[in-house]
Amino acid sequence: MHIHRTLLTTLFVLFFTVLSAQTDRVFDTTIHNDEYKIYITLNLYDKNVQVPDQDVLGEVEGYIGSSQCRSKWLIVDSRMVNDRTAELEVINDYGSEDFTAVLKMNNDGTYTFKKKNGSTLKFAVNRKWQKLPSTFQLTKK
């Protein structure tokens with residue numbers, strides 16, 4: 001009887017350890033903002049994201065894309081502030097503009113992106129620059 005309890009307890013602990021490990025990877029995801037038609041794909045843990053149609057760049061920590069434009073902004077470096085907040089170093093795919101930003105997972109499961117300094121995050125949409133605000137929300141689909 002004691003062996004069965006010990007086995008059940010061990011399995012219970014292992015199950016919740018695996019479950020918590022999966023939910024702790026909050027920066028290994030793709031998140032979206034439907035209003036601005038943009039998304040962020042990132043993996044700040046393994047740093048092994050391939051940018052579509054830009055294999056020459058190799059693996060990066062992530063990228064910011066628009067469903068209305070082919071260009072990407074690359075996340076080339078990051079620093080974890082805590083398990084729900086990361087600082088990002090971002091550069092455009094031409095290498096001509098860059099900025100730093102903070103990405104935070106909120107208690108409700110949404111994410112807040114906040115540009116700290118540097119260039120404006122923008123995409124060419126219908127031959128005009130779509131400049132994004134310095135702060136906006138993103139969600140998982």
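Which side chains meet in a salt bridge at 3.3 Å, N to O? Select R79 and E87, whose side chains form this contact. A salt bridge here is a side-chain nitrogen of Lys or Arg within 4 Å of a carboxyl oxygen of Asp or Glu.

Before continuing, note that this is a predicted model, in which local features need pLDDT of at least 70 and side-chain atom pairs count only at pLDDT 80 or more, while totals for chains, interfaces and linings use all residues. Residues are numbered from 1 along each chain as its sequence is written, and side-chain values use heavy atoms, with hydrogens and water left out.

**Stop 1: around E87**

Helices (H or I, at least four residues) and strands (E, at least two) are DSSP runs, numbered from the N terminus. E87 is partly exposed, with a relative accessible area of 25%; K116 is also partly exposed, at 47%. Buried means under 20% relative accessible area, exposed over 50%, and partly exposed in between (1.4 Å probe, protein chains only).

**Stop 2: R25 and D46**

Next, select R25 and D46, which form a salt bridge with the closest N and O atoms 2.8 Å apart. R25 lies in the loop between α1 (2-23) and β1 (28-33), and D46 in the loop between β2 (38-43) and β3 (49-50), so the pair ties together parts that are 21 residues apart in sequence. The whole structure holds 7 salt bridges.

**Stop 3: the aromatic rings**

Now select Y36, W73, F99, F113 and F136, which form one aromatic cluster. Rings of Phe, Tyr and Trp (its six-membered ring) pair if their centres lie within 6.5 Å; planes under 30 degrees apart count as stacked, over 60 as edge-to-face and the rest as tilted. By this rule there are 6 aromatic pairs. W73 and F99 make a tilted pair, 5.3 Å centre to centre with 50° between the planes. Are W73 and F99 buried or exposed? Both are buried. The ring centres of F99 and F113 are 6.2 Å apart and their planes stand at 85°, so this pair is edge-to-face.

**Stop 4: a charge over a ring**

Finally, select K122 and W129. The charged end of K122 sits over the ring of W129, 4.8 Å from its centre. The criterion is that NZ of Lys or CZ of Arg is within 6 Å of the ring centre and within 35 degrees of the ring normal.
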